[in-house]
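Hi everyone, thanks for making time. Please have a look at it first.

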Amino acid sequence: MKYNKKILNITAFILSIAFIGFIMCCVGYSLDDWAWGASVGEERLSSMFAGYNGRYLGNFLVIIMSKYNIIKILIMTFFTAVTAYAVYCLVDKSKFYLYFTALLLLFLMPKEMFSQTLGWASGFSNYVPPIMLTVIYLCMIKNIFEEQKPVYNKFTPVLTLLIGISSGLFMENVTLFNLALGFVVIVFTFIRFKKVYISHSAYLLGAVIGSVIMFSNSAYRIISSGSDDYRSIGGDNTSLLKTVFENLKLIYKFLFEQCLLLWIIICIAALILSFLHLKNNKPSKVNRFLTLLSSSVILSFAVISVLTKVNTQWTEVFNSANEGFAAKVNFVLAGLVLLALFITPLLCINDKLSALKTASFIGLACVVTAPLFVITPINSRCLFSAYVFLAVYAISIINHIASSVNYCFVKNSAALLLTAACFITAFYYGTLYHRIHSFYNERMEYVYEQIDDNKKEIDLPKYPKYTASYVYFGTPSDDTMWEKRFKDFYNIDEKINFTPVNYRDYKEKNK
């Protein structure tokens, strides 16, 4: 029986890799990819990205990915699968279905976040690898939440040092987060075990080295001085407060409003955990009161979030774009639900170390988001790391629920639901990205056909509406920097002029 289950798991895992590979094979090049894969990328590389940014590993990665499609496919497939696998190992390595749960939640990201991370080579290169490395490090040191003292082999410090350095050379907020993570792990283990471990110190040292390498780039002196036209950090008190307020609205929009599905899963899981705790245990009056209070906050947040999404009147009141009082209500509600979710496992999970480990993922999501309060601009992709930590929290709660439920019917129903969700998601993304890939090739063939006909004014069809939201700026605007980079990337004569046309008009013209 165990042998058959192992074969089934291996087969399912291989199929998941094939599915990821198919999706990444269908992901085309867009926006920054056109720059990195042509002369602009070569110029930045020749100057070692001086004055551009300190994301050295991310920049090297995207240059290779933009120049060689097969390498792009392999890298994106490998890193996506490893991220999901590392999350599964971090939560509970004995339950392989958690790998598919992690992979499912990755693919259930909102469209905007997905198109800027897993669906875009330039976004992928800077946002996926650092969180993957961080989760791997958390897997390596998760024994700090066990009763026994941590034990590491002689090679672990070398690995943690390399992870600390490399994970700090992709994204600025993750680089700063690594410093905080390394420090907190050392303090926590010293309090628990009265010992500082070399493996933990090596990671913190690596995080320091990585941050020094990154922020020694002259780009950050330009940004801090306010001379950068694109990026900035709030300067005086007035502008800083304004930046924080505006960024909080964007963070609420990208992480709370757009990620509604993940929050609903988190809220339902937390409420079920609270219910099982009250039903199966005999908590003290204080514990019962706090559990009911936190459950009320979580339920209120879930109801308001859903109503805001489906009810026009509620949308007008609680929309993230609103100013003043409405925005402050959103911030307070978000803060309260984060606090409620943090204390829920501490109240409802009997194993206090396991409870603290689960609750810590809410804290990690907050800490990795914190630098974004004062940095502009921020996009949906900037919240990818926070999304992953929230997904880990959800999976941890689900794992605790599964461990406490002994009814075969419930477990079989949950397994059936997960299987159905995976198949539906795979079918949806498989169909969607097959169409994206088909149009990508069809459009380039159409462009080259017009060039072969010696046309100087060329139609450039836009992606169909049903696929456009999963392609990050797939069509350059007429007579812009991006049009020039598009031509450079595809070796098209600069004298040729593009006219972006709607997909429907393109189809009507070429019946």
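Let me start with a cut-off: a residue is called buried when its relative accessible area is under 20%, exposed when over 50%, and partly exposed in between. Keep in mind, too, that what you see is a predicted model.

With that cut-off, D92 counts as buried, because its relative accessibility is 18%. D92 also has a partner: its side chain meets that of K95 in a salt bridge, at 3.8 Å from N to O.

So, how many salt bridges does the count come to? The count is 7. In general, side chains of opposite charge can pair when their charged atoms come close.

Let me show you two more of these pairs. K249 forms a salt bridge with E246, and their closest N and O atoms are 3.6 Å apart. Both residues sit in helix 13, which covers residues 237-257, and they are 3 residues apart, about one turn of the helix. Is K249 buried or exposed? K249 is buried, because its relative accessibility is 7%. E246, on the other hand, is partly exposed, with a relative accessible area of 31%.

Then there is the pair K487 and E483, whose side chains meet in a salt bridge at 3.0 Å, N to O. Why are these two separated by about one helical turn? Because they are 4 residues apart in helix 22, residues 481-489. K487 is buried at a relative accessible area of 4%, and E483 is buried with a value of 4%.

Now for some packing. I401 lies in helix 19, residues 384-404, and is buried, with a relative accessible area of 13%. Which residues does I401 contact, leaving aside neighbours within four places in sequence? The answer is A269, I272, L273 and L276. From I401 to A269 there are 132 residues in sequence, while their C-alpha atoms are 7.8 Å apart in space.

Last stop, the surface. F183, V184, V187, F190, I191 and V196 make a nonpolar patch of about 560 Å². One of these, V187, belongs to helix 10, residues 172-193, and is partly exposed, at 35% relative accessible area.

There is a negative patch as well, formed by E445, E449, D452 and D453. E445 is found in helix 20, which runs over residues 408-452. E445 counts as exposed because its relative accessibility is 51%.

Note on methods
Residues numbered from 1 in each chain as written. Predicted model: local features only at pLDDT ≥ 70, side-chain atom pairs only at ≥ 80, totals over all residues. Heavy atoms only, no water. Patch = residues over 30% accessible without salt bridge, like charges linked within 9 Å, V, L, I, M, F, W, Y side chains within 5 Å. Areas by Shrake-Rupley, 256 points an atom, 1.4 Å probe, with all protein chains shown as cover. Salt bridge = Lys/Arg side-chain N within 4 Å of Asp/Glu carboxyl O. Buried < 20%, exposed > 50% of the residue type's maximum accessible area, 1.4 Å probe, protein only. Lys, Arg positive; Asp, Glu negative; His and termini not counted. Charge placed at Lys NZ, Arg CZ, Asp CG, Glu CD. Contact = heavy atoms within 4.5 Å.
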